[in-house]
Amino acid sequence: MNFLKINKMKKVLIALDYGLSAKKIAEKGFELAQNMNAKVTLLHVVAVESYYNTLDAAPFIGFYGYDFFNLVNGESLVDASLHFLKTIKEHLKDTDIEIQAVQGDFATVILETITKQHFDIVVVGSHSHNWLEKAVMGSVTESVLAKTKIPMFIIPVKEHQ
């Protein structure tokens with residue numbers, strides 16, 4: 001039986017949202033990358049700005065702990081996302097980590113990034129959404145899993161009880 005050759009995996013993509021789980025996902029993904037001696041890229045996908053204009057959007061998509069309605073000095077959501085990713089990078093204490101914030105559909109951007117930049121594995125979180133949330137918005141993790149051709153490291157997270 002041929003198992004994954006971990007030592008040949010050199011590029012790890014860690015896809016993060018603004019949820020409380022982002023730190024945990026980043027830490028676990030970074031630990032995996034260190035064990036493989038692989039290069040890390042942190043990615044945050046920013047939806048179109050109108051997506052964040054409703055108060056109902058934040059709890060549904062897991063963006064707890066960040067105030068989208070009070071961006072400072074006219075910064076865009078992409079700028080705010082880059083600042084967020086820089087904070088995570090500093091927390092991980094590795095200056096070689098790349099950060100990317102891209103606007104678009106969550107699953108589509110993750111899949112395009114995997115393909116265009118030739119990642120070997122993608123790390124994502126899987127939130128415990130209830131049936132209504134899945135019916136309304138689907139699951140980014142499930143969408144990526146259904147279409148990717150590379151291994152996924154899925155971190156189970158629960159943000160609310």
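Q: Is A33 buried or exposed?
A: Relative accessible area decides: buried means under 20%, exposed over 50%, and partly exposed in between (1.4 Å probe, protein chains only). A33 has a value of 1%, so it is buried.

Q: What kind of model is this, and how are residues numbered?
A: This is a predicted model; local features need pLDDT of at least 70, side-chain atom pairs count only at pLDDT 80 or more, and totals for chains, interfaces and linings use all residues. Numbering starts from 1 along each chain as its sequence is written, and side-chain values use heavy atoms, with hydrogens and water left out.

Q: How many helices and strands does the protein chain have?
A: Both are DSSP runs, numbered from the N terminus: helices are H or I, at least four residues; strands are E, at least two. Here the chain has 6 helices and 5 strands. Along the sequence they follow the pattern β-α-β-α-α-β-α-β-α-α-β.

Q: What share of the protein chain is buried?
A: Of its 161 residues, 41% count as buried. The accessible surface (Shrake-Rupley method, 1.4 Å probe; for residues, only the protein chains shown count as cover) comes to about 9,400 Å². Carbon and sulfur atoms hold 55% of that surface.

Q: Which residues have the most contacts inside the largest nonpolar core?
A: In soluble globular proteins, nonpolar side chains tend to be buried together. A nonpolar core is a set of buried Ala, Val, Leu, Ile, Met, Phe, Trp, Tyr and Cys residues joined through side-chain atoms within 4.5 Å. The largest one here has 26 residues, and V12, I14, L16 and L42 have the most contacts inside it. At least two core residues come from each of strand 1 (11–16), helix 1 (22–36), strand 2 (39–46), helix 3 (77–92), strand 4 (121–127) and strand 5 (152–157). Helix 1 gives the largest share, 7 residues. Another core lies apart from this one; it has 17 residues, among them A47, F106, I114 and V144.

Q: Which residues does V12 contact?
A: Contact means heavy atoms within 4.5 Å. Beyond four places in sequence, the partners of V12 include G29, A33 and M36, as well as F119, I121 and V123. A33 sits in helix 1.

Q: How far apart are A33 and I121 in sequence and in space?
A: They are 88 residues apart in sequence and 9.3 Å apart in space, C-alpha to C-alpha. For the chain as a whole, take contacts between residues at least 6 apart in sequence: 77% of them join residues at least 24 apart.

Q: Is D94 buried, exposed or partly exposed?
A: D94 is partly exposed, at 24% relative accessibility. Its place is also the loop between helix 3 and strand 3. Leaving out neighbours within four places, D94 contacts F30 and K89.

Q: What does the side chain of T113 reach?
A: A polar contact is a pair of N or O atoms within 3.5 Å; within protein, one must be able to donate a hydrogen and the other to accept it, and residues adjacent in sequence count only if both atoms are side-chain atoms. The T113 side chain reaches the backbone oxygen of V109 at 2.7 Å. T113 sits in helix 4 (residues 106–117) and is buried at 7%.

Q: Which residue lies over the face of F119?
A: A charge sits over a ring if NZ of Lys or CZ of Arg is within 6 Å of the ring centre and within 35 degrees of the ring normal. K11 lies over F119, at 4.8 Å from the ring centre.
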